[in-house]
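Visitor: I would like to learn how to read a structure such as this one, beginning with the helices and ending with the pockets. Could you take me through it step by step?

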Amino acid sequence: MATKPTILAVDDDPAVSKAVTRDLRTRYGSDYRVVSTTSGEQAIEVLEELTLRDQPVALVASDQRMPGMTGIEVLAEVRRRSPDTKLLLLTAYADTDVAIKAINDIGLDYYLLKPWDPPEDRLYPVIDDLLGDWQGQHPDRSAEVRVVGHRWSDRTVETKDFLAHNHVPYRWLDVERDQEARQLIELAKATAQDLPLVLVPDGATLRTPSMIELAEALGLQTRAEQQLYDLCIVGAGPAGLAAAVYAASEGLSTVLVEREAPGGQAGTSASIENYLGFPKGLSGADLTRRAVAQASRFGAEMVLARDVIGFETRGPVRAVQLGGGTEVEARSVLIATGVSYRKLEAAGLDELGSRGVYYGATASEAVQCVGEDVVIVGAANSAGQAALNLRKYARKVVMVVRGSNLEDGMSEYLVSRIQAADNIEVRLNSQVTSAHGDGHLEVLEVCNSTTGTVEELRTSWLFVFIGAAPRTDWLDKAVARDDKGFIVTGRELMASSDSGLWPLPRAPFALESSVPGVFAAGDVRLDSMKRVASAVGEGAMSVYLVHRYLATI
Ligand SMILES: Cc1cc2nc3c(=O)[nH]c(=O)nc-3n(C[C@H](O)[C@H](O)[C@H](O)COP(=O)(O)OP(=O)(O)OC[C@H]3O[C@@H](n4cnc5c(N)ncnc54)[C@H](O)[C@@H]3O)c2cc1C
């Protein structure tokens, strides 16, 4: 049986130490080992011992004012030795400024002002949140689902991503490294073509399952339950999820169709730092987990692993066609399909997709890069965030940037952190020209356009962030789009030189497309801001407009 993860409490005052430990044990004792220490030095010794024994430390809660090491010094050392451990500072009002500074300096997760009585109101909600996030990042501890495959296989990566993005805990067994993996393959009499194998709790063994087979085996919803909905939302990124929460909470019968897993691009972000109300930032996975719970609580249906491939207008009904031959009918539709990453053009890259070459994703791969050299292509905020996340795990991060500076495309706060990081190297005026590797990425050739020199970088990891294109091909000519494929809405429709785009005497509502009752929100919409907050805002606003539209039919 797996050992319980540890919660470590640090306070030099014996009475306070006893009280914290008592409160933590009362609430978390059945799932966590609560260890109490009375100095920073002692806490680091305990951490070192647990790390040596490969035992996870989920949370360290430390007092700030202690003789010897201060709380922030202790937590900084914990961050260095155990990057995923959640850090909580217990502090007095006078130290608030120090605590806020520590959010930037050491990635402090939360600070709590003492005293925390009653713990039910002031301590447990904070710790529940931190431990919930930690568990989300370590789903494999109690996992019953097992994935057996090759580390560098496309299908294995796709399967692991699907499980991770759907928050299904799983245990990963690498054919090349795990004895158990080889035993399971033998037991299932599986051949190389059958990999990855997915073993689900009821005993079924799936061989190279498609995403829909996997979703069905795991009991995820893959079909709509009703004949007709008030609103069908296509895409479960921040815009779609926000719309689902508002629509369902306001009594509209709502179904959300997602081709992969909820979260969208934001779900792949390791840390969204500019979303209102989260001073430390929050990971895309945490935001998604919370949003999905909220939408489900209000009764929104979520159909997963289903690709929307077509759209039709049937009088007052809008029909959304799904891959596999089924469809969903609704009185209104919200298109929230976002954008997908552009492919980097360089010789040899296509053959290495998911075998060391990844587009726009770092959160789930980052932990695998421990001690290795990583290359990132791109110079916008998403590339900057990825670099700062990967540097916590990798030995070195090299950013390959086509332009002559970072400042043109990246927020100042990210540029300054990248410049201050001792293991991030920025190569300006540079491009990846080719990639090589036997089975997975091994070498990249990078050309400096100013000097003309070509350099070989040895790496197994390339992450690409070079802009994006809207996912709207499935709409074909049914809904007006601009020449890049972004959906034209509201006033832009009327401003278009093609005056025949809008069919009704009334003006279109703000987020309404050229088809009345079909709305667009988030990154997929022409002229949108391409941020989580704006996608969420548009998703919420679209529901108000859906109400107004439904009142007209
Ligand atoms: C790595 C990274 C970091 C980022 N960091 C930040 C940040 O810190 N702050 C910030 O404000 N913004 C950030 N962004 C941008 C932000 O994530 C996006 O602006 C936001 O996610 C847009 O939300 P959306 O709902 O419009 O679309 P998306 O998030 O793109 O979601 C669209 C969803 O639709 C689904 N879909 C697409 N086509 C179909 C189809 N045919 N059928 C069914 N489903 C479909 C997709 O699978 C996806 O889940 C980041 C983006 C990335 C990639």
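Guide: One definition comes before anything else: helices and strands here are DSSP runs, numbered from the N terminus. Please keep in mind, too, that this is a predicted model. With that naming in hand, we can say that just after α10, G251 takes a positive phi of about 90°.

Visitor: Is α10 mostly covered or mostly open, and how many of its residues are buried?

Guide: A residue is called buried when its relative accessible area is under 20%. By that cut-off 10 of the 12 residues of α10 are buried, and the helix is mostly covered. Among them are P238, G240, L241 and V245, together with several alanines, including A243 and A244. The elements that cover these buried residues include the strands β10 (228-234), β11 (254-257), β12 (301-303) and β15 (327-335), as well as the helices α11 (284-297) and α15 (532-550).

Visitor: Which residues touch the most other members of the largest nonpolar core?

Guide: In soluble globular proteins, nonpolar side chains tend to be buried together. Here the largest nonpolar core has 30 residues, and those touching the most other members are I233, L241, L256, M302, L334 and F519. Two or more residues come from each of β10, α10, α11 and α15, and α10 gives the most, with 7 residues. Taking I233 as a case, and leaving aside residues up to four places away in sequence, its contacts are G240, A243, A244, T254, V255, L256, V257 and L334. A second, separate core of 27 residues includes A383, A387, M410 and V415.

Visitor: Where is F465 placed, and is F465 buried or exposed?

Guide: F465 sits in the loop between β24 (461-464) and β25 (468-470). With a relative accessible area of 6%, F465 is buried. Its C-alpha atom is separated by 39 Å from that of G251, which is 214 residues apart from F465 along the chain.

Visitor: How should I read the second largest pocket, and what lines it?

Guide: Its space is about 380 Å³. The lining comprises 17 residues, with L344, V377, G378, R402 and I466 nearest the centre of the pocket. By class, 9 of the lining residues are nonpolar, 5 polar and 3 charged, while strand β21 (residues 430-436) gives the most to the lining, with 3 residues.

Technical notes. Residues are numbered from 1 along each chain as its sequence is written. This is a predicted model: local features need pLDDT of at least 70, side-chain atom pairs count only at pLDDT 80 or more; totals for chains, interfaces and linings use all residues. Side-chain values use heavy atoms; hydrogens and water are left out. On a 1 Å grid over the protein atoms alone, a cavity is a set of points where a 1.4 Å probe fits but cannot get out, and a pocket is an open set with protein on both sides within 12 Å along at least five of seven lines; lining residues have an atom within 4 Å of a point. Grid points are joined across faces, edges and corners, and a volume is the space filled by probe spheres set on the points. Helices (H or I, at least four residues) and strands (E, at least two) are DSSP runs, numbered from the N terminus. Ala, Val, Leu, Ile, Met, Phe, Trp, Tyr, Cys and Pro count as nonpolar, Asp, Glu, Lys and Arg as charged, and the others, Gly among them, as polar. Buried means under 20% relative accessible area, exposed over 50%, partly exposed in between (1.4 Å probe, protein chains only). Contact means heavy atoms within 4.5 Å. A nonpolar core is a set of buried Ala, Val, Leu, Ile, Met, Phe, Trp, Tyr and Cys residues joined through side-chain atoms within 4.5 Å.
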